[in-house]
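I opened this notebook to record what I looked up, entry by entry, with the structure beside me.

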Amino acid sequence: MLFGAIIGDIVGSVYEFHNIKTKDFPFFSPNGHITDDSCMTIAVAAAINDWKKKNGGLSALAVKHMREIGNKYPDMGYGGQFWQWLNDKNMGPYNSWGNGAAMRISAAGWYGKSISEVKRFSYMVTSVTHDNIEGIKGAEATAVAIFLARNGCSKAEIADYIQTNYYDLNDSVEDLQENYGWDSSCQGTVPPALQCFLESESFEDAIRNAISIGGDSDTIGAITGAVAEAYYGIPEEIKEQAKSYIPQELLDMVLELEKTI
């Protein structure tokens, strides 16, 4: 449920500001690390799991867990407005269309038992910060792609749903490798990330596609990895390697949350 996004985040972390345009690179770098993408992915999952236990309203729980984890792990590369939100308990949503809405949404695609429930979860945990329509759309498209992938839909079916309801997917990975650049918006991040999954042959290949196009590599990796996990699963050796990059307290949370699916 969570390792796909986390692994994509770790692999992409060393290339976020040093883009590469090739799939030929060491999958796990000694300098790799988790970023805000992993921290908030875990926070959103914890919120939905708490809501399932009837521990409160989902939006309030999302705020609670994001602020708790964000302040406990502060040096993770949070965006400026989000960092302000983390530290100002009176601050509400700030009309963001940033790709942070999509990189943290994995759990909505796993906990939801129908597309309508996935969309409801996505909206409730996203709109507390990213209430711009593009932020809502990017998170929902990612969550729905995860839901479809884990429920046995083909790549053609996933692509058709995304193109009918959310985005055109006109650029191939090859095109993106040649022409894609930095873009922190949902609308500029989610379609390329989904294309990297759609053209992949395995979980690892999907992540390699994601890193090879450049841009906001850790976030593209997280989004692609989340959908790829739902479609392919994750080889155990890759998952075991990833665990060594995750702080123990957060790893314990991830392992407990994985049991709830």
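Helices are DSSP runs of H or I with at least four residues, numbered from the N terminus. I noted that this is a predicted model, in which local features need pLDDT of at least 70 and side-chain atom pairs count only at pLDDT 80 or more, while totals for chains, interfaces and linings use all residues. Residues are numbered from 1 along each chain as its sequence is written, and side-chain values use heavy atoms, with hydrogens and water left out.

Among the buried residues of H1 I found Ile7, and I looked up what Ile7 touches: leaving out residues up to four places away in sequence, the list is Phe27, Phe28, Phe203, Ile234, Ile238, Lys239 and Ala242, where contact means heavy atoms within 4.5 Å.

**Two loop residues**

I then turned to Lys54, in the loop between helix H2 (36-52) and helix H3 (58-72). Its phi is near 65°, a positive value in a residue other than glycine, and Lys54 is exposed, with a relative accessible area of 76%.

I also looked up Asn95, in the loop between helix H4 (80-87) and helix H5 (100-103). Phi of Asn95 is near 60°, again positive in a residue other than glycine, and Asn95 is partly exposed, at a relative accessible area of 47%.

How values were computed:
Buried means under 20% relative accessible area, exposed over 50%, partly exposed in between (1.4 Å probe, protein chains only).
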